[in-house]
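Thanks, everyone; let me put the model on the screen, and then I will talk through a few local features of it.

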Amino acid sequence: MTQATSQAPAFTLYDEPGHLIRRAQQIAVSKFHEVHGRQVTPIQYAILRTLFESPGVDQVTLAQLIALDTSSTADIATRLEAKGWILREVLPRRQRRLSLTPAGEAVLQGMRSGIERMYGGMMDSLDGTEQREFVRLLRKFVHLNDQQNQADEPKTKG
């Protein structure tokens with residue numbers, strides 16, 4: 001039995017896209033909590049924001065819109081309903097239609113200036129052109145690697 005020779009990868013950990021994406025996520029969540037405290041999580045914010053933009057959406061569609069599994073979406077929706085921030089109306093076939101309550105809308109509106117300040121602060125070390133390019137590349141990366149999008153696209157051989 002021969003011993004495999006261990007060889008370090010040609011690049012450092014801090015050049016690996018997966019590591020950098022994880023660190024960027026950690027930084028974004030940390031900045032979110034610095035600005036907003038812990039009353040609302042980033043995922044709860046995404047739900048509130050999506051319900052503001054798409055009132056009355058069903059819970060399964062909401063999960064798809066925010067790229068979260070349906071059971072996690074249901075758990076978070078239950079917690080938001082308990083806080084009085086959303087309403088969950090039971091529809092036929094056990095679906096649930098979701099909408100913001102006035103209290104939920106007030107929470108979301110109260111976060112507005114903080115969101116703008118938070119993202120401005122995260123991006124202000126980049127100039128305007130770099131900011132637009134960074135967001136463009138993030139969107140492209142997510143679109144090209146999103147399993148949900150891939151499931152919707154026709155498969156081609158080649």
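Predicted model: local features only at pLDDT ≥ 70, side-chain atom pairs only at ≥ 80, totals over all residues.

Leu126 sits in the loop between helix 5 and helix 6 (128–145), where helices are DSSP runs of H or I with at least four residues, numbered from the N terminus. Leu126 is partly exposed, at a relative accessible area of 27%; buried means under 20%, exposed over 50%, and partly exposed in between, with a 1.4 Å probe and protein chains only. Leaving aside residues up to four places away in sequence, Leu126 touches Gln131 and Phe134, contact being heavy atoms within 4.5 Å.

Residues are numbered from 1 along each chain as its sequence is written, and side-chain values use heavy atoms, with hydrogens and water left out.

Turning to helix 4 (residues 70–82), we find Thr73 there. Thr73 is buried, with a relative accessible area of 0%, and, again not counting residues up to four places away in sequence, it touches Gln59, Leu62, Ala63, Ile66 and Leu68.

Finally, the axes of helix 2 (residues 42–53) and helix 5 (residues 102–123) come within 10 Å and cross at roughly 110 degrees, the axes being lines fitted to C-alpha atoms over the stretch in contact, with angles from 0 to 180 degrees between N-to-C directions. The contact is made by Tyr45, Leu48, Arg49 and Phe52 of helix 2, together with Glu105, Val107, Leu108, Gln109, Met111 and Ile115 of helix 5.

Definitions and conventions
Helix = DSSP H or I, 4+ residues; strand = E, 2+ residues; numbered from the N terminus.
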